Amino acid sequence: MTQWTAIVPIKRWSVAKSRLEVEGYAREVLAQAFAADLLATVAACPEVQEFVIVSNQEKVGHLLPGGRGFVLEEPREAVDALSSAIDVGVGWARTHRPLQPIVIVPADLPALTAPALSQVLRVASRHPRAFVPDVDGEGTTLLTGLRSEIVLHSYGPGSAGRHAELGAVAITDAAAGARQDVDTVEDLKRVSALGVGPHTAFAVHQLCVGAESGRQPTRSAYATDALPE
């Protein structure tokens, strides 16, 4: 079985998911919930040997399942924060895991499952570079390279076309949870219908409770640290 290093760039909660039209604190909690569920999925994937978080969010290390993995600091003054964060992670891999395949995993894939990630990595292992187009076919969710030195990334609007031009093979039969990222409320509805992890499910439930009652829950109502195991 090919063993991969996963790179997970995570924005600060206060600036993440800016297009998600919910109350500010709810958006922050959702971003944290997405990341917590995503990291649990990555940790449960047998093909992933280790993973690296790149972020300047304080205390993000507490999201590492079982304390596994590494946390690297994202450049604070970067013009393109996502690109810079990925560069930091890939740079770490080039130094510490130069021959190991790399998968870049955005933190806003709360419906991604370990079997779905395994399936993507098995297909990707047959190609020097590969990527998973998002559900609309325009953007990119997962991006892979069989060695860190050949990873080429160009996330953002229209990234699927750019990654194809860079020689990455599109994995078009990936499970829906591997393709559905979350930028808008409609995306949140679609991803919830697919099935999400416990942190995201709890946060969405609290958001729905607030909508039904006509008032937003307090920030403490979103707290997920008391979730049942």
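**Reading a strand and its sheet**

Modeller: V54 lies in strand β2. Strands (DSSP runs of E, at least two residues) and helices (H or I, at least four) are numbered from the N terminus.

Biologist: What kind of model is this, and how are residues numbered?

Modeller: This is a predicted model, in which local features need pLDDT of at least 70, side-chain atom pairs count only at pLDDT 80 or more, and totals for chains, interfaces and linings use all residues. Residues are numbered from 1 along each chain as its sequence is written, and side-chain values use heavy atoms, with hydrogens and water left out.

Biologist: Does V54 count as buried or exposed?

Modeller: Buried means under 20% relative accessible area, exposed over 50%, and partly exposed in between (1.4 Å probe, protein chains only). V54 counts as buried because its relative accessibility is 0%.

Biologist: Which residues is V54 in contact with?

Modeller: Contact means heavy atoms within 4.5 Å. Leaving aside neighbours within four places in sequence, V54 is in contact with residues including I7, P9, L72, A85 and G89. As for V71, 17 residues apart from V54 along the chain, the two C-alpha atoms are separated by 5.8 Å.

Biologist: How do strands pair?

Modeller: Strands of a sheet pair through backbone hydrogen bonds, either parallel or antiparallel. Here two strands pair if DSSP finds at least two bridges between them. β1 and β2 run parallel and are joined by six bridges; in β2, V54 is the bridge partner of P9. β1 also runs parallel to β4, with three bridges, and T5 has I102 of β4 as its bridge partner.

Biologist: Why is β1 largely enclosed by the rest of the structure?

Modeller: Six of the six residues of β1 are buried, so the strand is largely enclosed. W4, A6 and V8 point one way, while T5, I7 and P9 point the other way.

Biologist: What is the order of the strands in the open sheet?

Modeller: The seven strands run β3-β2-β1-β4-β6-β5-β7, with mixed pairing. β3 (70-72) and β7 (169-170) are the edge strands, each pairing on one side only. An antiparallel case is β5 (residues 129-133) with β6, joined by four bridges. There, R129 has G145 in β6 as its bridge partner.

Biologist: Which strands does helix α3 touch?

Modeller: Helix α3 (residues 114-124) packs on the sheet and touches β1, β2, β4, β5 and β6. Its direction makes about 45 degrees with that of β6. Axes are lines fitted to C-alpha atoms, for helices over the stretch in contact, and angles run from 0 to 180 degrees between N-to-C directions.
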